[in-house]
Amino acid sequence: MAKNSTTRRRDFVGTSLTALCGGALALNLLLILGLLLLIGVYGAAYFWQRDIVELTRVDGSRVLGEIHDRESIPPTPDAPEPGERIKVRVGNRDLTANDFQWLSLSSVVDRGTPGDAVVLERLEWGNFYGRMVELRHGDELLASGGDEVWRRFGPLHREKVRQRDAVRKLERGPIGDVNFEIEKLRLETRRLELARLPEAELARRQEQIDGRMAARQAEYEELATRLFAARDELMAETLVMETADGRRKEIAVGAIVRALRPNDMGPLAKSGLYLSRIWEFVADDPRESNTEGGIFPAIFGTVMMVFLMSFAVVPLGVLAALYLREYAKQGPLVRMVRIAVNNLAGVPSIVFGVFGLGFFVYTIGGSIDRLFYPEALPTPTFGTGGILWGALTLALLTVPVVIVATEEGLAAVPGIVRAGSLALGATKWETTWKVVVPAAAPGILTGLILAMARAAGEVAPLMIVGMVKLAPALPIDHHAPFVHLERKFMHLGFHIYDVGFQSPNVDASKPLVFATALLLIVVVTVMNLVAIALRNRLRRRYAGSAV
Amino acid sequence: MSTSTNLETPMVDADRTMRPSFEPGSAPPPESSAAGDPAINPAIPDPVLEIDRLSLWYSEKQALKEISLKMAARRITAFIGPSGCGKSTLLRCINRLNDLIDGVRITGRIRFEQHDINHPATEINALRKRIGMVFQKSNPFPKSIYENIAYGCRIHGINRKSVLDEVVERSLRGAAIWEEVKDRLDDSALGLSGGQQQRLCIARAIAVEPDVILLDEPCSALDPIATAKIEELMEDLKRDYTLIIVTHNMQQASRVSDYTAFLYMGELIEYGETEKLFIRPMKKQTEDYITGRFG
């Protein structure tokens, strides 16, 4: 039959609408891909060592550094010719105050990449760009001249890195332990004061504690002496550097993380450096108010917080959903509860944060402190933000997701399967617990996956219930009871905000924002993949082999 | 089929102990009701279940009207009748599965071994353990084949591996499915075919050693070959269990059952030995139904 005009018009509308839907999907995918690509490229570029260029300007002054950006200068009445300028990372913050410098290209008369240009990554003050001049031990000259110093520097620096590790081990190990013990004894003294014991008993116990305290103090003194000696040794050798404009600077070899001659490095060496920097980023502690070093504590904090949250949210959500779906009499009340639960998911997260602060931190935490840690007061133990309160706050935030997903999972279990269990003489509870819940397990895990994804990216409520810019200690360590749920923690999401927008050196830390964002995405993805793998295993186990 | 040998093996003591004390509500002696009508009151030797003037309402709608019948031990009793006649409802009264439905009201009595099953003192889980059920649609649990069978024992407190192993094998042999699944007991039960799933459900029912097995149209979703296997299996099970089957299929009723009850619009129209009922029905309605004039 020939198509008449109406049919043709309807066909056209159908085709265009289909194209529109496909286009919308494609646009969404494109946006997501673009976002990932942007974060990926900028984040990955952060670790790559660029060449060092030496620029000579019209006035004869020289600049040594890495070129990070290039842009055109819009013409102004003073300079009608449009020009270009480059952003050079010149480092040497202790000498020049600025890490970055903008140079107009028209003012540059010469540029080169000298092989003896050195970049030092330092524990403090950021990068140093210059040339090696001398290596000294106090007043004694160990080596002089760029290449000679470079040759001697390598083995010496390796030795210093070993010494630095030893110092850090001493600080964190024995000295940390002694400090921990001393603090415990101080609290014990305080507890004794609060205990209102008879005079004699009090004196006896106090004496005991004093004895132990004295022993610890002596131990501490001895360790401290060792530490100071080790530090002195670490800082004994200095490297004299010369900047491009001829100024000299003495830098302790022990304070240098890396010394590189990037212009002499081949692609292979640079790739090795790239990987080692990624490792440092993932495994090290941050330095210089988070703008350098690694972000391990933030990764650890994020993952642990999400795990704690999962342990809280799954039982809470599953039990609530079980009651709603299996036990409550379905009616207007249950329907209202269900709507309320769904709406709870839409409450702004900061509201949960405020609730967490008021309820968990001040009410519950405060009560715990008064009951169990009165000796530490007025310093709060649980009565201040901590990883446990953060996790519980997020559990409240994500519990609606788990409830909804679990309810759906429960609803998908056929009634006849329940009847089959009841017909065998199982009670309702046995049927629910042993047949229905296992069958709904994939649905429950779906809820958990959604909850984890949401929790890992949530920052606002955590800012007031225990997340900090820099946590002195991880929530898990070798001091009994090993897991310290009251401790504050670092978080990747907050780290992004802090580094990107609260940092004193925004230019230098901008790439870190991308790198941290990339890592956050990776962490969330990995956690989700684990949960999805678990769910698929469950599905395979409970579902037919054909499915 | 090598089922009989295993069914005849004596039960181990552990199985005895799991037999629950099915405490009676004090039931009055059975009254002889509707004694006069031979069409619905045949002589039943050794009755294990007695239904006495049972009526049931779903909210306002009456689904069963004054039904009285006795069911013989170790025989197959079939309920037949057109859709909506109440035969499944009647079956589900026997293990009180209708309790799950809101608004169901029951009058009359069902006596199981002289005890009123609707009496408040009756322990419902113990009752259901002794009156097993197989459903119209196979409903294996989303667990392994082994766990499907072991489930009933576990909830009744048997957890010893050796005992469970024995129960699983005996039940699967009893349901004539052992040879097909013995090598994949740990696989999901949902991977079995429809007929295998239904036999698995029968195995699951006999694993808890019931006295009575209720079968609610067990073959309606199966192909003829699977149906034949189930029917053959029922013949074997009859040796040890009282079977009550609801079926749409009159040929099936006539093939497998010893007694047949014909229900229509919630009423028991005729009840008697299957051969008699099918060859010489006493009531016109029965004759019309079995000859295919309606239903």
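**View 1. Residues around the centre of the second largest pocket.** In this predicted model, 28 residues line the second largest pocket, and A:Phe180, A:Thr381, A:His484, A:Glu486 and A:Arg487 lie nearest its centre. A pocket here is an open set of points on a 1 Å grid over the protein atoms alone, where a 1.4 Å probe fits, with protein on both sides within 12 Å along at least five of seven lines; lining residues have an atom within 4 Å of a point. The space inside comes to about 980 Å³, a volume being what probe spheres set on the points fill, with points joined across faces, edges and corners.

**View 2. Make-up and setting of the second largest pocket.** Its lining holds 15 nonpolar, 4 polar and 9 charged residues (nonpolar: Ala, Val, Leu, Ile, Met, Phe, Trp, Tyr, Cys and Pro; charged: Asp, Glu, Lys and Arg; polar: the others, Gly among them). Domain 1 (140–279) and domain 2 (296–542) of chain A both contribute to this lining, so the second largest pocket lies between them; the bounds come from an automatic or database domain assignment.

**View 3. The largest pocket.** Have a look at the largest pocket, with a volume of about 1400 Å³. Of its 39 lining residues, A:Arg168, A:Glu171, A:Arg172, A:Asp285 and A:Pro286 are the closest to its centre. α3(A) gives the most to the lining, with 10 residues (helices are DSSP runs of H or I, at least four residues, and strands of E, at least two, numbered from the N terminus). By class, the lining has 20 nonpolar, 5 polar and 14 charged residues.

Residues are numbered from 1 along each chain as its sequence is written, and chains are lettered from A in the order in which they are written. Local features need pLDDT of at least 70, side-chain atom pairs count only at pLDDT 80 or more, and totals for chains, interfaces and linings use all residues, while side-chain values use heavy atoms, without hydrogens and water.
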